[in-house]
Structures are given as structure tokens and as C-alpha cells.
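This report describes selected features of the structure shown below.

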Amino acid sequence: MGMIKITVIDRQGAAHQLDAPTDMNMNMMELCKSYELPVEGTCGGMAMCASCHMYIESAHPLPEKSEDEENMLDQAFFVKLNSRLGCQLHLADDMEGLTVRLAEVGE
Amino acid sequence: MIETDIIIIGAGPCGLFTVFEAGLLKLHCHLIDALPQAGGQLTEIYPKKPIYDIPGFPEVLAGDLVDELMKQAAPFKPGFSLGERAEMIEKTKDNQFIVTTNRGTAIKAHNIAIAGGLGCFEPRKPPVQNLEMYEDKGVEYIIRDPHFYRDKRVVISGGGDSALDWAVFLTENKIASEVHLVHRRVSFRGHPDSVQKVLDLAAAGRIQLITDAEVIGIEGDGKVEKLRIERQDKEPLLLECDHWVPLFGLSPKLGPIADWGLNIDKNAIVVDTFDYSTNIPGIYAIGDINTYPGKLKLILCGFHEATLMVQSAFKRIYPDKNLVLKYTTVNGVQGF
């Protein structure tokens with residue numbers, strides 16, 4: 001209860017199975033940081049830096065992108081159709097089994 | 001040469017509050033910031049966002065907090081070198097420091113407080129091969145003087161306000177001979193007026209819009225001559241031009257501070273929590289840029305760090321004087 005499994009594939013291709021609490025108001029950026037995965041989260045979660053850019057690799061229905069997230073992804077690099085900002089993905093029970101891949105980081 | 005007691009690198013909330021706390025100890029400060037205005041992230045990134053964890057302010061807009069911090073610092077007449085990046089540091093014979101900015105401003109002081117937050121905001125560079133090779137040889141990340149582009153063929157990349165506004169400016173004022181605007185999507189996220197202007201100029205054939213497209217390569221002998229552009233569902237394009245101006249916003253970098261011989265851990269400067277001193281005596285680091293066990297990147301914590309730091313800075317200048325904490329309520333604020 002309140003705990004789901006999430007798989008994060010890092011930039012070297014290694015998969016990390018993470019236990020993710022859904023009752024702590026955490027997002028994917030914070031989850032990755034709490035496991036010391038290489039996600040900067042420079043702006044602190046305001047959708048203003050794209051340093052938590054990740055690709056969604058499973059078919060989970062996720063909330064639509066907000067205008068802020070769209071705008072930021074617009075300025076980011078290596079953007080694909082399945083790009084999201086981790087900081088805008090709040091952990092929820094229906095994300096059980098979600099798989100994401102960390103996007104490349106530009107300069 | 002400017003002389004002061006504390007050189008503060010970074011004019012964000014922490015740097016500004018340092019001026020106040022130093023002022024109470026009759027120490028003078030000079031602030032350097034790479035951004036053209038004070039306030040750091042608060043004014044650059046989120047001026048209209050509310051902050052809820054400043055004691056005594058249940059809710060305050062970031063921009064308003066900066067205005068109030070400027071007011072609080074004003075009696076102590078801080079010096080400002082804004083739009084300048086602290087570049088070099090040297091130690092003088094009399095145990096002081098001279099910091100030189102990228103514009104050649106030199107400031108001398110006993111102490112340096114690095115309150116650099118996330119670092120310097122620098123243009124975000126697109127991941128294109130050999131990009132560095134063409135910097136200032138046709139690739140510019142900032143338009144400093146639009147007339148530099150007179151009668152040139154200019155390609156601008158990006159979909160935000162700066163990309164739109166410059167495309168319009170260079171076209172409407174008949175400066176550039178050709179203006180191409182390359183954007184990854186069909187829609188633009190800039191101000192609706194700017195978007196409309198671009199679309200009108202494009203319809204009139206004065207701006208060449210290339211949407212659903214991305215510049216992926218540069219060609220040219222020692223300078224930009226052609227750009228390789230990838231387009232969704234279309235043939236790639238080889239576009240002849242003189243300049244490419246990628247405008248993808250700013251991102252923070254630690255910058256030259258990284259080479260000052262300070263102990264650095266994961267992009268943050270390691271400090272002693274006794275007085276927030278670094279491994280170099282006389283150089284302190286406060287706010288988001290420092291790290292120590294239990295560090296929290298909060299404005300509130302930065303204020304505390306600034307307050308303790310100036311006590312130590314005072315001791316470095318006046319080793320024989322004893323400091324007594326005076327309450328502002330009792331003494332008021334005696335400006336300079």
C-alpha cells in the first residue's frame with residue numbers, strides 16, 4: 001500500500017528497479033535523486049531546466065503535459081514523442097510498473 | 001581598482017542579505033553577477049512565483065522578495081558589477097584577493113563570499129557536432145548588436161520569445177538580407193503578438209519559416225557556410241547562410257569558479273559549517289552553491305549562512321577587535 005515499483009534505465013543502459021512511495025507527494029525527478037541516479041533537477045521541479053528529461057518506455061496512461069512542461073520541452077534537446085519532465089510526473093498508484101529511460105544531457 | 005571588505009559573487013537573495021548583515025558590522029560589500037539585474041534565480045527564472053517558506057511571509061512573490069532585499073541592503077550602499085562574470089582570482093601580498101571580471105573590472109577585498117546559487121546562467125548549446133569550432137565564426141548564442149547582421153543571411157533556431165523577437169527585428173528593420181527561423185514544432189510558445197508578427201512576415205515571404213525541423217550539422221571552411229537541417233517527413237535540407245543563432249534559453253553552469261582550487265563535490269563548494277569557509281581561507285560559500293552534511297537548498301538556510309559568515313569575515317579583517325552581537329531593535333540600522 002502506497003508503494004509501487006518503477007524501472008529507471010540510466011544513460012549507460014542499466015535498469016534500476018526502484019521502490020517508489022506514492023503517499024509522499026514525490027515526483028519522478030525526486031525519486032531518481034533519492035536513489036542517487038544522475039538526475040540534476042536543477043530548478044527544483046518548476047519545469048524550468050529540463051535536467052530531469054526522460055523517455056516513457058511503458059504504455060502507462062500519464063497525465064497530459066502542462067503548458068509549462070510543453071514550453072520547457074520545446075527548449076530541451078534530444079526530445080522525442082515520449083519525452084517527459086520527471087518533475088512533472090507525480091508518483092501515483094496507477095504508475096505501478098512504469099519504465100522510463102533517462103534522456104541524454106546536452107552541455 | 002574598487003576596494004571593499006567583502007566581494008560577493010552572485011547577487012541573488014543570499015548575496016543581497018549578506019550586504020545587510022555585513023553592513024551591521026560596518027563592512028562594505030561589492031556584488032558581481034553575470035546577469036544584468038540583481039535577484040539571481042528569483043528574478044531570472046521565477047519572478048512571479050510565490051515562495052511560502054520565508055519566515056514572516058506566508059506568501060511572497062520571488063520578485064517582490066528581491067525588491068525588499070534590495071531595500072534592506074540599500075542603507076549599506078553596496079557596489080554592483082552586474083552583467084559581469086567573476087573570472088579570475090589572485091592573492092595579493094597583503095593577504096587580500098583581487099577578483100577580475102570578464103569585462104576587466106578589478107575588485108580588491110579581504111574576503112570573498114561566493115553566493116553563486118546554481119552558477120552563471122549561460123546560453124544552452126544545442127548538441128551539434130563541431131559546434132565549438134564555429135563559435136564566433138558564424139555561431140552566436142546571444143545577439144548583442146543586431147547591426148552585426150547587416151546584409152547577412154541569418155538562421156535563428158528556437159521557438160521562444162527571443163527567437164521570435166529577433167527574427168522580427170532583423171526582418172522589419174531590413175537589417176539581415178535573409179532571415180530563416182527553424183523550430184522543432186509547428187506551433188510557437190512565444191507571446192501571441194510576436195507569434196502573429198512572425199506568421200505575417202512569413203506569409204509575406206520576408207521570414208522563411210522552417211518548422212518541424214532541427215539544425216543537426218554545420219558545414220563551412222573556418223566559418224559557417226551551410227547548415228544541415230533535418231525535417232520531419234521531408235527531405236533534409238542544406239541551407240546556405242552566414243550566421244546561425246541558436247536561442248534555446250539559459251542554463252546555469254558553475255563557470256570559472258570551478259577552477260579556483262576550491263574543494264568541489266557534485267557541482268557544489270564544500271564548506272565548514274562553523275563559518276561557511278571553504279578550503280581557501282578568506283573565501284566563503286553560502287546559499288545553494290555550497291554543500292555540507294545535511295545541506296538544504298533553501299533561501300532561509302542561505303540567510304543563516306550569510307549571517308554567520310560575515311562574523312568570520314570581520315575577524316579576518318580585524319583580528320584584534322571583539323564583536324558583540326547587537327540587536328537591530330535596540331540599535332536600529334546605521335547606514336553608511
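## Strand pairing and sheet

In chain B, strand β8 (residues 97-101) and strand β9 (residues 106-109) run antiparallel and are joined by four bridges. Strands here are DSSP runs of E of at least two residues, and helices are runs of H or I of at least four residues, both numbered from the N terminus; two strands pair if DSSP finds at least two bridges between them. Within this pair, B:F97 stands opposite B:A109 in β9(B). Strands of a sheet pair through backbone hydrogen bonds, either parallel or antiparallel.

The two strands belong to an open sheet of four strands in chain B, ordered β1-β9-β8-β7, with mixed pairing. At its edges stand β1 (2-3) and β7 (86-91) of chain B, each with a single partner strand, so one side of each is left without a neighbour in the sheet.

## Basis of the model

The model is predicted: local features need pLDDT of at least 70, side-chain atom pairs count only at pLDDT 80 or more, and totals for chains, interfaces and linings use all residues. Residues are numbered from 1 along each chain as its sequence is written, while chains are lettered from A and ligands numbered from 1 in the order in which they are written.

## Helix α4 of chain B

Helix α4 (residues 161-172) of chain B has 12 residues, which should span 16 Å at 1.5 Å a residue; its end C-alpha atoms are 16 Å apart, in agreement. The expected span is 1.5 Å times one less than the number of residues. Just after α4(B), B:K174 takes a positive phi of about 50°.

The buried residues of α4(B) are B:A163, B:L164, B:W166, B:A167, B:V168, B:L170 and B:T171. A residue is buried if 20 or more other C-beta atoms, placed from the backbone, lie within 10 Å of its own. Among the elements covering these buried residues are β12 (153-157), α5 (192-203) and β18 (243-246) of chain B.

## Chain B as a whole

Chain B contains seven helices and 23 strands, and 40% of its 336 residues count as buried. Its C-alpha trace spans about 75 × 45 × 35 Å along its principal axes.

An automatic or database domain assignment gives domain 1 (2-122 + 251-331) and domain 2 (132-248) of chain B. The C-alpha centres of these two domains lie 38 Å apart.

## Contact between chains

The contact takes 14 residues from chain A and 16 residues from chain B, where two residues are in contact if their C-beta atoms, placed from the backbone, lie within 7 Å.

Methods
Buried ≥ 20, exposed ≤ 12 C-beta atoms within 10 Å, placed from the backbone.
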